[in-house]
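Look at the chain below and ask how its parts are divided and how they meet. The paragraphs after it take that up step by step.

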Amino acid sequence: MKIAITRLENKAAGDRALCATYGHDCYTVSPLRADLRPDRIDTFVEAVHRGEFDCLFFSSALPAAVVGPKLERWPRVIAIGPKTAEVLRGFGIEAEVLPTFYSRDFVPYLGDWLRGRTVGIPRADVPNPDLLDAIAAAGGTVREERVYALVPTGTELALDAADAALFTSAMSYREARWRPRDDLLLIAIGEITADAMRAGGHPPAVVGDGSLAGTLEALNLHAEGR
């Protein structure tokens, strides 16, 4: 199956090789681009070096890629998934990995440790009030630094050659310009994306676990009728 995967421009490293291991081919379509904010990246790094945080949480690979190489020291580090942890490891930063691919599990993972601790989160300029409220409810303090903005490209997704379209985030679905087809299989990388697609009138036939590998596994089970 040929799968169009929504990714930021130039951020699809490894997708094609991973798809091949599951018997598929894929290519990137980009409904969003990332506009980095170097001043905010530097502000966050300086705060880390001043020891203002007890923990850093990287909720995607991109902030890990832009903050990681600038860090000379760091506190406890949590990554949302193995790919983000791998990016950090490339800069010599060992990170703990959440048991799922959802930021809602950050607070349950840390539990009572959070009380009285300060968490630093470099992220996109996309609000996540549920995470902030959960950290506060656990007795922690949080500081988000929005180190990049996600900007719609305005380009219609090239789906004519695709058998399936895989949306990798709720925002990539909501901001995408595309033309549905009866024979186009719709795939959501996880439940949050799936909820956005259902709300938008395009319920996915396949829903993954929040990772590309888990989604491809779910796709193959779907193809087998399971």
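Predicted model: local features only at pLDDT ≥ 70, side-chain atom pairs only at ≥ 80, totals over all residues.

Residues are numbered from 1 along each chain as its sequence is written, and side-chain values use heavy atoms, with hydrogens and water left out.

Domain 1 gives 16 residues to the contact and domain 2 gives nine; contact means heavy atoms within 4.5 Å.

How much area do domain 1 and domain 2 bury between them? The value is about 890 Å², with 66% of it on carbon and sulfur atoms. Buried area is the accessible area (1.4 Å probe) that two parts lose on being put together, summed over both. Zero salt bridges are found across this interface. A salt bridge here is a side-chain nitrogen of Lys or Arg within 4 Å of a carboxyl oxygen of Asp or Glu. One residue pair is in polar contact between domain 1 and domain 2, with both residues at pLDDT 80 or more. A polar contact is a pair of N or O atoms within 3.5 Å; within protein, one must be able to donate a hydrogen and the other to accept it, and residues adjacent in sequence count only if both atoms are side-chain atoms.

Now take the side of domain 1 that touches domain 2. Strand 3 (32–36) and helix 8 (191–199) each supply at least two of its residues. Strand 3 gives the largest share, three residues. Helices (H or I, at least four residues) and strands (E, at least two) are DSSP runs, numbered from the N terminus.

Next come the sheets. Two strands pair if DSSP finds at least two bridges between them. Strand 1 (residues 2–6) and strand 9 (residues 164–167) pair in parallel over three bridges. There, I3 stands opposite A164 in strand 9.

D25 and K2 form a salt bridge at 2.8 Å, N to O. D25 sits in strand 2 and K2 in strand 1, 23 residues apart. The structure holds 18 salt bridges.

The other open sheet has six strands, ordered 3-8-7-4-5-6, with mixed pairing. Strand 3 and strand 6 (96–97) are its edges. Strand 5 (residues 76–79) pairs with strand 6 in the parallel sense over two bridges. A79 stands opposite V97 in strand 6.
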